[in-house]
Number of protein chains: 2
Amino acid sequence: MINSFHPPVRTLMGPGPSDVNPRILEALSRPTIGHLDPAFIEMMDETKVLLQYAFQTSNKLTLPISAPGSAGMETVFVNLLEPGDKVIVCQNGVFGGRMQENVERCGAIAIMVEDEWGTTVDVNKVEQALKDNPDTKALAFVHAETSTGVRSDVETLCALARKFDCLSIVDAVTSLGGIELRVDDWGIDAIYSGTQKCLSCVPGLSPVSFSERAAEVIRDRNSKVQSWFLDLNLVMGYWGSEAKRSYHHTAPVNSLYALHESLIILKEEGLENAWLRHELNYRAFAAGIESIGLSFVVDAEYRLPQLNAVSFPDSVDDATVRSALLNNYSLEIGAGLGTLAGRVWRIGLMGYASNKKNVLFCLSALANVLSSTGLQVDASKAVAAAEAIYSV
Amino acid sequence: MINSFHPPVRTLMGPGPSDVNPRILEALSRPTIGHLDPAFIEMMDETKVLLQYAFQTSNKLTLPISAPGSAGMETVFVNLLEPGDKVIVCQNGVFGGRMQENVERCGAIAIMVEDEWGTTVDVNKVEQALKDNPDTKALAFVHAETSTGVRSDVETLCALARKFDCLSIVDAVTSLGGIELRVDDWGIDAIYSGTQKCLSCVPGLSPVSFSERAAEVIRDRNSKVQSWFLDLNLVMGYWGSEAKRSYHHTAPVNSLYALHESLIILKEEGLENAWLRHELNYRAFAAGIESIGLSFVVDAEYRLPQLNAVSFPDSVDDATVRSALLNNYSLEIGAGLGTLAGRVWRIGLMGYASNKKNVLFCLSALANVLSSTGLQVDASKAVAAAEAIYSV
């Protein structure tokens with residue numbers, strides 16, 4: 001006998017999904033209407049305008065893909081690449097590797113520029129790779145590496161791409177809404193994100209945006225896009241600016257209500273204020289973490305305020321601590337991925353979840369759990385260190 | 001200034017999305033939890049069991065794809081096909097054409113068997129095509145053609161596929177939950193559906209199922225699946241039966257709550273009862289439609305009870321009538337597609353929307369609108385004809 005599912009109420013401080021704002025959950029459950037309903041088309045147009053704000057762009061080709069961030073990544077690669085194209089891919093974590101998979105499955109060639117997990121993309125190595133490969137079509141990298149908590153220097157990398165007459169492709173799944181991101185000012189050609197990170201919306205959609213230069217590449221392809229579902233030349237018949245929208249696929253209507261609401265919430269707060277809030281809560285959290293002798297994997301300069309890779313003493317058992325947090329505090333934090341598995345926790349302070357209550361709760365819960373495993377840590381010290389930052 | 005979106009409350013009697021059961025909207029808005037949360041994994045396992053019931057299969061490889069029906073279609077083709085493979089595709093409406101697009105974008109060869117829109121797939125022509133092409137890998141066709149309202153003889157077509165040692169690929173987007181469908185008994189090898197038709201769930205997911213024979217083809221591929229996002233060899237690390245699930249992409253958590261609830265509702269009613277309900281409401285609707293002199297495009301034998309292609313006199317302006325229904329009755333019916341555009345309406349009686357109230361409301365509203373355009377039709381006559389069916 002299978003019964004209706006009533007999920008436990010969690011505090012989501014892993015790598016995403018993050019806590020969803022109740023306003024967004026309410027919007028999600030509004031009555032479904034048709035994907036060609038005039039009222040819905042109007043909402044789609046508003047969503048594009050709101051996404052342009054979030055991305056800081058005037059790109060016409062700005063829309064949400066009807067599937068999660070990984071499908072957004074695939075949308076970018078399958079639309080921009082043709083067999084034989086050369087792409088320089090920066091890898092310093094899981095998602096650079098996923099980019100490589102995408103490039104190669106398009107029949108294109110990935111030239112990898114690798115940096116150690118936990119460090120930022122080395123701009124000099126990228127420049128050298130661009131020099132060595134003058135026929136490169138695109139430079140691809142991750143803005144906010146969700147697997148390590150590292151930020152890349154998007155502005156410099158995009159300038160390099162322009163200098164060598166390449167398209168720039170940016171993974172902004174974990175950065176959009178959490179840290180500074182300026183698509184037009186930085187000259188980003190193609191970008192994709194997710195809804196379940198710093199937008200604090202439900203997972204399942206992937207906002208994307210393409211510069212006019214990138215849009216031209218898509219329009220002027222020699223071969224068909226290998227994915228029918230993600231072919232932007234077709235998708236634009238539905239999401240484009242024509243008064244009459246033609247059916248391509250059935251849009252995820254209710255999820256789009258939720259995205260619309262999440263973007264309104266971002267606009268109400270103001271993008272810069274959201275960035276400052278993420279920064280402040282990170283600083284308080286970091287003060288607490290360091291006060292109990294834990295440390296960060298990433299150098300302060302390249303740290304993401306919304307995703308903190310925290311390392312712990314060898315004596316601590318990763319899974320025991322995460323289970324205790326989940327079972328005794330209903331608090332989710334993330335495990336390490338890849339080379340960092342079993343060695344770090346990934347603690348998110350994303351979107352709606354980036355707030356003082358969560359910072360203090362997480363520090364207190366984590367310190368108490370560590371203390372119960374025999375480590376000499378003091379929860380009150382951690383909380384006081386965080387409070388000190390807020391009271392400045 | 002962009003405000004929160006409050007959709008009008010519609011009655012959805014087009015080709016989908018159909019009216020969503022309020023229980024499902026409520027489930028949708030439950031608190032988001034992590035896609036690797038043990039509670040969520042348990043719900044995923046239940047969802048697979050419920051989908052096996054809906055599909056009438058014991059296929060282990062049964063799961064929902066994290067994107068709409070079109071992505072389900074693409075999942076089937078990209079996983080089963082490799083470049084150079086030959087597929088016989090039956091086309092008697094829009095979706096056979098979409099199958100062809102998918103086949104060709106995999107670098108495979110589509111051999112088209114075409115029938116007129118509004119007629120069923122000609123089994124004899126399919127058999128001839130199979131004889132003429134002994135090296136065919138798969139036979140693909142649509143069970144319930146959403147563009148025309150036609151049913152195919154799945155059982156016979158699948159038996160033919162077996163006879164000629166082919167895989168059978170079935171589009172069940174509009175059939176699942178609405179008409180008889182038996183994956184195991186009929187020997188279907190690969191099938192995909194949608195959530196927003198006869199399951200009356202929100203759009204955005206695509207349930208799929210593969211026979212052991214098809215699963216083997218996927219495991220034994222020579223080349224990588226061209227889509228990373230839809231590669232079932234990877235997706236199964238997350239949706240498979242291993243105790244430890246590994247992250248592939250972030251699942252659309254809340255949409256999956258909704259699917260889970262919609263399948264529970266289907267189970268509560270019983271699959272056969274749901275089929276009977278669709279049949280009864282169709283018969284009442286048809287009696288009403290015919291009583292006012294309108295007719296069906298499709299022969300009675302091949303008609304879908306859940307999707308009715310109704311033709312109308314030349315004097316009637318398609319768009320005027322649909323607009324009047326939307327604006328004065330908040331009732332959505334569908335326009336014709338492709339060769340049937342401007343010549344038919346597609347009136348859905350799907351899932352939760354297949355009920356007596358909707359039948360009577362739609363007949364009455366349609367007759368009144370037609371009457372206001374000068375046609376001699378009598379709403380009370382249509383309603384009485386429908387009522388007569390219910391009172392038998």
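In which loop of chain A is the place of P17(A)? P17(A) sits in the loop that runs between β1 (11–13) and α1 of chain A. Helices (H or I, at least four residues) and strands (E, at least two) are here DSSP runs, numbered from the N terminus. The model is a predicted one, in which local features need pLDDT of at least 70, side-chain atom pairs count only at pLDDT 80 or more, and totals for chains, interfaces and linings use all residues. Residues are numbered from 1 along each chain as its sequence is written, while chains are lettered from A and ligands numbered from 1 in the order in which they are written.

The peptide bond from G16(A) to P17(A) is cis, with omega near 0 degrees. In chain B, G16(B) and P17(B) are likewise joined by a cis peptide bond, with omega about 5 degrees, and P17(B) lies in the loop between β1 (11–13) and α1 (22–28) of that chain. A further backbone feature concerns D165(A), a residue other than glycine whose phi is positive, near 55 degrees. D165(A) is placed in the loop between α6 and β8 (167–171) of chain A. Most residues other than glycine have a negative phi, and most peptide bonds are trans.

The overall form of the chain comes next. Chain A contains 14 helices and 14 strands. Its radius of gyration, taken over C-alpha atoms, is 21 Å, close to the 21 Å that the globule rule (2.2 Å times the number of residues to the power 0.38) gives for 392 residues, so chain A is as compact as a globular protein of that length. The C-alpha trace of chain A spans about 65 × 55 × 50 Å along its principal axes.

Two packed helices are described by the angle between their axes and the distance between the axes. Axes are lines fitted to C-alpha atoms, for helices over the stretch in contact, and angles run from 0 to 180 degrees between N-to-C directions. Angles under 35 degrees count as roughly parallel, over 145 as roughly antiparallel, 65 to 115 as roughly perpendicular and the rest as oblique. A crossing is left-handed if the near helix is turned anticlockwise from the far one by less than a right angle, and right-handed if clockwise.

Helices α3(A) and α4(A) pack at about 40 degrees, their axes 9 Å apart, and are therefore oblique to each other. Their crossing is right-handed. M73(A), E74(A) and F77(A) of α3(A) meet R98(A), M99(A), N102(A) and V103(A) of α4(A), where two residues are in contact if their C-beta atoms, placed from the backbone, lie within 7 Å. This contact has four nonpolar, one polar and two charged residues; Ala, Val, Leu, Ile, Met, Phe, Trp, Tyr, Cys and Pro count as nonpolar, Asp, Glu, Lys and Arg as charged, and the others, Gly among them, as polar.

Helix α5 (residues 123–132) and helix α6 (residues 154–163) of chain A pack at an angle of about 10 degrees, with 10 Å between their axes, which makes α5(A) roughly parallel to α6(A). The crossing of α5(A) and α6(A) is right-handed. V123(A), V126(A), E127(A) and L130(A) of α5(A) form the contact with T156(A), L157(A) and L160(A) of α6(A).

Helix α11 (residues 271–291) and helix α13 (residues 356–372) of chain A have an angle of about 15 degrees and axes 10 Å apart, so α11(A) is roughly parallel to α13(A). N281(A), A284(A), F285(A) and G288(A) of α11(A) meet K356(A), V359(A) and L363(A) of α13(A).

The two chains also touch each other. The contact takes 62 residues from chain A and 62 residues from chain B. On the side of chain A that touches chain B, α10(A) gives the most, with seven residues. That side divides into 29 nonpolar, 21 polar and twelve charged residues.

A rotation of 180 degrees with 0.0 Å of shift along its axis superposes chain A on chain B, with an RMSD of 0.0 Å. The same surface serves both copies, as 100% of the contact residues of chain A recur in chain B.

Notes:
Copies are superposed by least squares on the C-alpha atoms of residues with pLDDT of at least 70 in both.
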